[in-house]
Amino acid sequence: MEFSDLFWLFLIYIPLLLVWGFAISDIFRRDDISGWARALWVVAVILLPLIGTLVYLIVRPVGATKQERAAMD
């Protein structure tokens, strides 16, 4: 593997995979959205990985999970 391949791997692809994985796991941890909304978010994040994930993270409300609400109290 060349240096440029490793550079793109560590600088671009791995952080994108981590953010994508966070969004998918966060969708399933939320208890404030219904099953259909959850399914639509998962489809959007999987089919449009960059745009779907960015939109999800921007639109996501603060305190969407039990752990966040407990930390805010």
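A: The face of H2 turned away from its buried side carries Trp36, Leu40 and Leu47, which are exposed (over 50% relative accessible area with a 1.4 Å probe and protein chains only, while buried means under 20% and partly exposed lies in between). This is a predicted model, where local features need pLDDT of at least 70 and side-chain atom pairs count only at pLDDT 80 or more, while totals for chains, interfaces and linings use all residues. Residues are numbered from 1 along each chain as its sequence is written, and side-chain values use heavy atoms, with hydrogens and water left out.

Q: Which residues of H2 are buried, then?

A: Those are Arg38, Val42 and Val45. They cover an arc of only 70° around the axis, so they lie on the same side of H2 (the arc is that of the directions from the helix axis to the C-beta atoms).

Q: And what do the buried residues of H2 pack against?

A: They pack against helix H1 (3-29) and helix H3 (49-59), with contact meaning heavy atoms within 4.5 Å.

Q: Which residues of H1 and H2 make the contact between them?

A: From H1 there are Trp20, Ile24, Ile27 and Phe28, and from H2 there are Arg38, Trp41, Val42, Val45 and Ile46.

Q: Switching to H3, which residues are buried there?

A: In H3 the buried residues are Gly52, Thr53 and Tyr56. Their arc, seen down the axis of H3, is within 95°, so they line one face of the helix, whereas Leu50, Ile51 and Ile58 are exposed on the other side of H3.

Note on methods. Helix = DSSP H or I, 4+ residues; strand = E, 2+ residues; numbered from the N terminus.
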